[in-house]
Amino acid sequence: MQQHRLGIAIRGCYIARAVERVLVLNASYEPLNVCSVRRAHVLVWKGKAEVLESHGQPLRTSSSTYTRPHVIRLMAYVRVPRGVTKRISRRVLFARDGWKCVYCGTAGNRLTLDHVIPRSRGGTSVWENVVTSCAPCNHRKGDRLLEETTMTLPRPPRAPTPVLFIRLAAEHVPDTWRRYLPGLEASMAVAAA
């Protein structure tokens, strides 16, 4: 019986449906996050969100047919606290810096996290003080300040935008999402450069 279910899951495209994502916008059309189709449908069904963009293929039950959401907007504004920043992860840090060392520009599999102001000198682990560095540059900089080295930063590090988190949460950004994600092209250009 278990093998039969697996066969249906593979042939029936349950795998594809499991990774299908919906873009969630605030009432002000500000991008918030992504969620599953199921979660988006529940929000719409409860009247907490409206469908702005939909797939051509509807959601079907045994007795009803519903619009398959692709982009939804919340009906009530959700206040996003600006003072609270998301915790630092290497994946998001590397994506923010375009998967390259900020000091020498090399891309490779030996990327590390570097504190611009070293922790031994009072630096903290905040977005504005961490950058992507290759292992040789990180070793060369050591626990020194940038002024004590010949190394420079092309631009000061900043906290990533919500668009970056959305881009990382969805493996592929559909064309219908692009008009709702300001700054997406710029973040993709940084990642490609």
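Strands here, like helices, are DSSP runs numbered from the N terminus, with at least two residues (E) for a strand and at least four (H or I) for a helix. S1 and S2 run antiparallel and are joined by 5 bridges; for two strands to count as paired, DSSP has to find at least two bridges between them.

Before we go on, a word on what you are looking at. This is a predicted model, where local features need pLDDT of at least 70 and side-chain atom pairs count only at pLDDT 80 or more, while totals for chains, interfaces and linings use all residues. Residues are numbered from 1 along each chain as its sequence is written, and side-chain values use heavy atoms, leaving out hydrogens and water.

How confident is the predictor? pLDDT is its confidence in each residue, from 0 to 100. The chain averages 83, and 83% of the residues score at least 70. Over residues 1–18, though, pLDDT stays under 50, and the model has 8 contacts beyond four places in sequence for them. A contact, by the way, means heavy atoms within 4.5 Å. Where pLDDT is low, the predicted coordinates should not be read in detail.

Now the wider view. The chain has 8 helices and 8 strands. Of its 193 residues, 37% are buried, where buried means under 20% relative accessible area, exposed means over 50%, and partly exposed is in between (1.4 Å probe, protein chains only). Looking at contacts between residues at least 6 apart in sequence, 58% join residues at least 24 apart.

Back to our strands. In what order do the 4 strands of the open sheet come? The order is S2-S1-S6-S3, and the pairing is mixed. Strand S2 (31–36) and strand S3 (49–54) are the edge strands, each pairing on one side only. From one strand to the next, the twist averages 30°. S3 pairs with strand S6 (residues 69–74) in the antiparallel sense, over 5 bridges, and Glu-53 stands opposite Val-71 in S6.

The hairpin of S1 and S2 has 5 residues between the strands, and there Tyr-29 takes a positive phi near 70°. Helix H6 (residues 162–169) lies across strand S1 (21–25) and S2, at about 15° to S2. That angle uses axes fitted as lines to C-alpha atoms, for helices over the stretch in contact, and runs from 0 to 180 degrees between N-to-C directions.

Let's zoom in on Asn-33, which sits in strand S2. Asn-33 is partly exposed, at 37% relative accessible area. Leu-23 is 10 residues away from Asn-33 in sequence, yet their C-alpha atoms are 6.2 Å apart in space. Not counting residues up to four places away in sequence, Asn-33 touches Val-22, Leu-23, Val-24 and Ile-166.

One last stop: the cysteines. How many disulfides does the structure hold? The number is 0, with a disulfide taken as a pair of cysteine sulfur atoms within 2.5 Å. Cys-101 is in none, and its nearest cysteine sulfur, that of Cys-104, is 3.7 Å away. Cys-101 is buried, at 3% relative accessible area, whereas Cys-104 is partly exposed at 41%.

Definitions and conventions. pLDDT = per-residue confidence, 0-100.
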